[in-house]
Amino acid sequence: MPDLARPFRPLRPLRPVLRRLATRRRDPVVVQSVRSTGAAVLSYVVALRLSSEPAPLTAPLTALLVVQVTLYSTLTTGVRRVNSVVAGVLVAIGFSALVGLTWWSLGLVILASLVVGHLVRVDEFVPEVAISAMLVLGVTRVADTAWDRVLETLIGAVVGLAFNLLFAPPVWVEPAGRAIDDLAARMAALMTGMADELTGRSSVAQAATRLHEARRLDNDIADVDAALRQAEDSLRMNPRVREGLMFRLVLRTGLDTLEICAVVLRVSARALTDLAKARADEPLFSPPVTRALQDLFGHMALAVHSFSRLITAQVTTNAEEQEERLTRELGMARRARDRLADLLLEQLRSEPGQWQLHGALLADVDRVLDELDVDKRSQRLMEELDRHSRLRREGGNGVRRALRRARRVSGP
């Protein structure tokens, strides 16, 4: 028999989950989930008082879709969603005045709604135009239902926009920074793996495996780019961020540099694979060259890691520390590169047939070191700042020119 004296605690199984949520209360995913839920419930409560529908679920659905992860996307998405619903309702009202609901009229409604959706430029909400038209056309009181659906959509959109204005969306810079750090860690691991395979006899299979890993970096870069676009949107029009443009440019230019380095690494992996095929079951390089190349790859891996930490650093002292570390690793890598060049030159005197692969390998190393250079990073960042300042000035001049043209048209 159960112990009746024991108190009933229905929330006991949920305590670990609630505890984890409490520890992650500042996590962007948790914050976004709470914000979306609150906006959907609030819009439903408001719609119950204003709409004649017994269950106005269109309002919480709209709020759930409007409250996106960033304020910028919320504003743009809210406008497009309201336009899509209004367009669908107007199509349904027009068809209801001419024909009833049959299989062929339903097809015409869907086709017309999709065409209208593309004409009004609602982008990803084109299917919503057809959905709204079908829901309104399928009821008997088309006019009342159409008005209720538009009203519920407006309620959900307004509540969603107000929710984002009162409770600012989370800034997704930290997840984007983690994605960049993970990408740099995979690139550094690839360099370390390429260095480890230089010991002993060459293996075409191992070299091909590293080449496939280098090719997979393209997919990793695409994922990081998506995370970075989300972070860039979260910085636009966000009242919690003062220097959003600087954060965006630092992360974007840093990802561009890592992308170039990833392409160069893939070319280097291709060169080592070709060299392994040419050397058959012999060592790729002599022991001194192997040690110099391993030393070079090791410093390059540390430099890539320091570079990612530099562009994702949020504290000035930490950024200065990472910049000093990056400068130190790049200096050691360049010295290792010069030693490697001297050793390869001596080896080419006895084996001149490999000069193309050796030269290509050194050229790839030079390109990576040049891309990671601190001065080049600063130069690229200044160029992007100048470009954005120029675009902003041109945009302001365009607005002023439009105002002058409007005054000339209106007359004195």
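**Entry 1: the cavity.** Before starting, I noted what I count as a cavity: a set of grid points where a 1.4 Å probe fits but cannot get out. Its volume is the space filled by probe spheres set on those points. I also noted that this is a predicted model.

I found three cavities of 30 Å³ or more in the structure. I picked the second largest cavity, which holds about 40 Å³ of space.

Which residues line the second largest cavity? I listed Val264, Leu265, Ser268, Phe297, Met300, Leu361, Asp364, Val365 and Val368. By type, I sorted this lining into seven nonpolar residues, one polar and one charged.

Next I checked which helices supply the lining. Helix H10 (244-279), helix H11 (287-312) and helix H13 (355-371) each give at least two residues. H13 has the largest share, with four residues.

**Entry 2: the core.** I then turned to the largest nonpolar core, and I counted 68 residues in it. Met187, Phe285 and Met300 have the most contacts inside this core.

H10 gives the largest share, 13 residues.

**Entry 3: helix H5.** I moved on to helix H5 (residues 103-119) and tested its length. At 1.5 Å a residue, its 17 residues should span 24 Å, and I found its end C-alpha atoms 25 Å apart, which agrees.

Which residues of H5 are buried? I noted Ser105, Val109, Ser113 and Gly117. Looking down the axis of H5, I saw that its buried residues fall within an arc of 105°, so they line one face of the helix. On the face turned away from that buried side, I found the exposed residues Trp103, Leu111, His118 and Leu119.

Just after H5, I came across Arg121, which takes a positive phi of about 60°.

**Entry 4: Ser96.** Last, I looked up Ser96, which I found in helix H4 (residues 71-96). Is Ser96 buried, partly exposed or exposed? Buried means under 20% relative accessible area and exposed means over 50%, so at 28% relative accessibility I put Ser96 down as partly exposed.

I also checked Ser96 against Val109, 13 residues apart from Ser96 along the chain: their C-alpha atoms are separated by 9.8 Å. Val109 is one of the buried residues of H5 from my previous entry.

Technical notes
Residues are numbered from 1 along each chain as its sequence is written. This is a predicted model: local features need pLDDT of at least 70, side-chain atom pairs count only at pLDDT 80 or more; totals for chains, interfaces and linings use all residues. Side-chain values use heavy atoms; hydrogens and water are left out. On a 1 Å grid over the protein atoms alone, a cavity is a set of points where a 1.4 Å probe fits but cannot get out, and a pocket is an open set with protein on both sides within 12 Å along at least five of seven lines; lining residues have an atom within 4 Å of a point. Ala, Val, Leu, Ile, Met, Phe, Trp, Tyr, Cys and Pro count as nonpolar, Asp, Glu, Lys and Arg as charged, and the others, Gly among them, as polar. The expected span of a helix is 1.5 Å times one less than its number of residues. Buried means under 20% relative accessible area, exposed over 50%, partly exposed in between (1.4 Å probe, protein chains only). The arc is that of the directions from the helix axis to the C-beta atoms. A nonpolar core is a set of buried Ala, Val, Leu, Ile, Met, Phe, Trp, Tyr and Cys residues joined through side-chain atoms within 4.5 Å.
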